[in-house]
Amino acid sequence: MEPIHPWETPPGRGDHDAISVTSWVSVCPRGLWNVQQKRICDRSQQTVLNSGNACSSGYYPRLGSLCRVRVRLKASMDDTESSTSGRENEKLEVDPDLSASDVTESVVTSFLRRQDSVLQIPLGDWTTLKLGEGQCDVTEACLERMRAGEKCEILLSQVENGPDVSVPQPSDGNLPLCATVELQAFTPGKESWEMSPGEKWEWAKSHKERGGVRFRSGDVWGAAHSYSQALKLLITLCGHFTEVEKKGHEHEAGEQSDTNAADETQQLPSADEFKTIKAELHSNLSLCQLKLHQPERAKASATKATHLEPGGAKAWYRLGQACQMVNELEEAKRAFRKLLELQPELPAALKALKDIASREKETNAQLGLRLSKMFS
């Protein structure tokens, strides 16, 4: 069989449409995958759903949007190419009476995140997803670039040098994996910059909780992604908490004329609690990176955690482990000694220091042997 090549962006197919190809990398339970998305953009398309319905075609799903989506596998990339050329003017059939309330009242489809799946979504059926939850990363990333009533095609291939993973393959067993994604309708969502501090905080907490669930189930890649998503949102809150910390308790002495602002403040943690949560996220991310054999990243994450929360024992232990892995033994010793200050006689820290001493002794012996040969 001829080798399969990634899609290239072909010229437009007339006055009213053009083909757009977008590429990115998505996280799946056991690794990273390259994704190419091909969309036929109809420039004449105005509104797929009636005014007041789920969404105008001029807008895209955002964080919190409920999306009615269907994903179907294709037999091969050749089949994908032929279907595009043969049905270039095909429009997704949409119920004209489908309203925003219909989508809002639909129940988010519940399904388990599977270790052996890339697409992470029931295939062939209409499914309701809440964008931003990260249940199926590939599909969600596609939806962020789609309009209501639009269909796209995707091509997936594993990132080179990534871990081995069993994936749902086409019947001929060849990769890359080919599929179609259809977006029937969606409810409005928000960009992160449109959210209030309270909304961002709730999303960050949900990402942190989801990361813990994924880690305990063995989905380390997914857990790392969830912790990273939470940290991205918390970064946008740093200015708010810095301002609160500067003011101290001054705002409590003044009158709060705006009830909504007062309610918003009550939903948020204190500046100290914010630092603690942020430190925990960096520490948890460091643990994931250690398990994914990314010691340099693990060291950076653990270092951030220790700066935010110097009393966090787990972060110091993970920093010591990361330094050991990159052979920075002096820094590793400092991390483990700091850990012993926090938790004296901790067996893991004592053993780590003993192992480092053995490695240093062995290294010094080898160096001494080489020097003796040079001057003998």
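Some ground rules. Residues are numbered from 1 along each chain as its sequence is written, and side-chain values use heavy atoms, with hydrogens and water left out. Because the model is predicted, local features need pLDDT of at least 70 and side-chain atom pairs count only at pLDDT 80 or more, while totals for chains, interfaces and linings use all residues.

Start with helix H9, residues 271-291. Helices here are DSSP runs (H or I, at least four residues), numbered from the N terminus. The expected span is 1.5 Å times one less than the number of residues. Just after H9, His293 takes a positive phi of about 60°.

Now helix H13, residues 347-374. Its 28 residues reach 41 Å from first C-alpha to last, close to the expected 40 Å. What does H13 bury? Ala349, Ala352, Leu353 and Ile356. Buried means under 20% relative accessible area, exposed over 50%, partly exposed in between (1.4 Å probe, protein chains only). The buried residues of H13 pack against helix H11 (313-325) and helix H12 (329-342), where contact means heavy atoms within 4.5 Å.

Last, Leu371, also in H13. Leu371 counts as partly exposed because its relative accessibility is 39%.

Conventions:
Helices (H or I, at least four residues) and strands (E, at least two) are DSSP runs, numbered from the N terminus.
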